[in-house]
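Reader: I'd like a quick walk through this model. Can we start with the terms and then go through the parts?

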Amino acid sequence: MSIADWVDELGGMAQKQQLVRRGAGDRHLTAAVRTGEVIRVRNGWYTTLPTDDPRVRAVRVGGRLTGVSAIAAWGGWVERSTTLHVAVPVNAARQRSPGNRRRRLARGRDGVVLHWEERERSAHGDSMFVGLADALRRAALDEPLEVAVAAFDWAMRTGRFERTDLERVLEELPARLQVLAALVDPARESLPESLLCTRARLAGHRVRTQVPITGTSQRIDVVVDGIVAVEVDGREHHLLTFERDRAKDLSITRDGYHPLRPTARLVFDRWPEVLAAIRAAIAARRSALSVGNSGEPPGGPPGRRMLPAFASR
């Protein structure tokens, strides 16, 4: 087998000692680097992965991916991030630029955030990633609440994380983050759905996810205050299912909801407009229902800051 084969067997990243145990000598490693068979990431580390891969960049710095950087690399629900979050041992030294192993890390200019990793956590994960629980804990501590909720939603939705795992992570988090227990919902099926739910709840609305439509096998992504049925689709999905989506909106309307179908990009970038539309629909429906009734409609006025209970079904 070649040096590259051995590195591939080890997941695309290998330490020199691992390759030496398989029979590689210094001259073999030097030749493999010179021919481009493998790349020397930093002293004692070799890879067959692309040089711009975030895993390679983290190892070049001298650590492992953590936080939203790790979650994004796993395919988790992270919209975008230009910052590289790297966990390094507490006794680490000689951090390098993520793009050049010969250049020292320029703090604050290389797009890297270092997280000094406690010794007991170093056994979690592998050579390129911290453990999942540690990555989620880091995201909860560093990111906006809605970003952390989406990461936990994804981990639980995919079966990588259980409710008991969430409870263990919460034990290590400060009191201000205990609200995650109420906000996380594994029934959500996408990043925009997760963001919409969290933002709506923090704005004072009740949300239910994956609500069944009467007489069909379909479900509504999110129902807000029992009135607005929000379906969030990406552009490609929308174009491929245009007719089916319109038929679904008819069924949603027959069930008594107000259908609203913002794109994922609108949820990401123009949330105040989406929220305004949701509130306008709620206000219009409540106004119609309260004709001749001086009492307040069920659910309370929109916009009240609260954290109500939610239902997944």
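Author: Terms first. Two strands pair if DSSP finds at least two bridges between them. Helices (H or I, at least four residues) and strands (E, at least two) are DSSP runs, numbered from the N terminus. This is a predicted model: local features need pLDDT of at least 70, side-chain atom pairs count only at pLDDT 80 or more, and totals for chains, interfaces and linings use all residues. Residues are numbered from 1 along each chain as its sequence is written, and side-chain values use heavy atoms, leaving out hydrogens and water.

Reader: How many helices and strands are in the chain?

Author: The chain has 14 helices and twelve strands. Its C-alpha atoms fill a box of roughly 90 × 45 × 35 Å along the principal axes.

Reader: What share of the residues is buried?

Author: Buried residues are 46% of the 313 in the chain. Buried means under 20% relative accessible area, exposed over 50%, and partly exposed in between (1.4 Å probe, protein chains only).

Reader: And contacts: what percentage join residues at least 24 apart?

Author: Take contacts between residues at least 6 apart in sequence: 60% of them join residues at least 24 apart. Contact means heavy atoms within 4.5 Å.

Reader: Charges next. How many positive and negative side chains are there?

Author: There are 49 positive and 38 negative side chains. The centres of the two sets lie 5 Å apart. Lys and Arg count as positive, Asp and Glu as negative; His and the chain ends are not counted. The place of a charge is NZ of Lys, CZ of Arg, CG of Asp or CD of Glu.

Reader: On to sheets. What is the strand order in the open sheet of four strands?

Author: The order is β9-β10-β11-β12, with mixed pairing. β9 and β12 (258–260) stand at the edges with a single partner strand each, so one side of each has no neighbour in the sheet. The twist averages 35° from one strand to the next. Axes are lines fitted to C-alpha atoms, for helices over the stretch in contact, and angles run from 0 to 180 degrees between N-to-C directions.

Reader: How do β9 and β10 pair?

Author: Antiparallel, over five bridges. β9 covers residues 207–212 and β10 covers 219–224. Pro 212 stands opposite Arg 219 in β10. Six residues lie between the strands of this hairpin, and Gly 215 there has a positive phi near 75°.

Reader: Which residue is the bridge partner of Val 222 in β11?

Author: Val 230. β10 and β11 (residues 228–230) run antiparallel, joined by three bridges. Helix α12 (residues 242–254) packs on the sheet and touches β10, β11 and β12. The direction of α12 makes about 150° with that of β12.

Reader: Where is Gln 210, and is Gln 210 buried or exposed?

Author: Gln 210 is in strand β9. It counts as buried because its relative accessibility is 5%.

Reader: What about Asp 225: where is it, and what is its phi?

Author: Asp 225 sits in the loop between β10 and β11. Its phi is positive, near 55°. At 5% relative accessibility, Asp 225 also counts as buried.

Reader: Last one. Which residues does Leu 195 touch?

Author: Glu 146, Val 267 and Phe 268, leaving out residues up to four places away in sequence. Leu 195 lies in helix α10 (residues 191–202). Leu 195 counts as buried, at 4% relative accessibility. Its C-alpha atom is 9.9 Å from that of Ala 148, which is 47 residues away along the chain.
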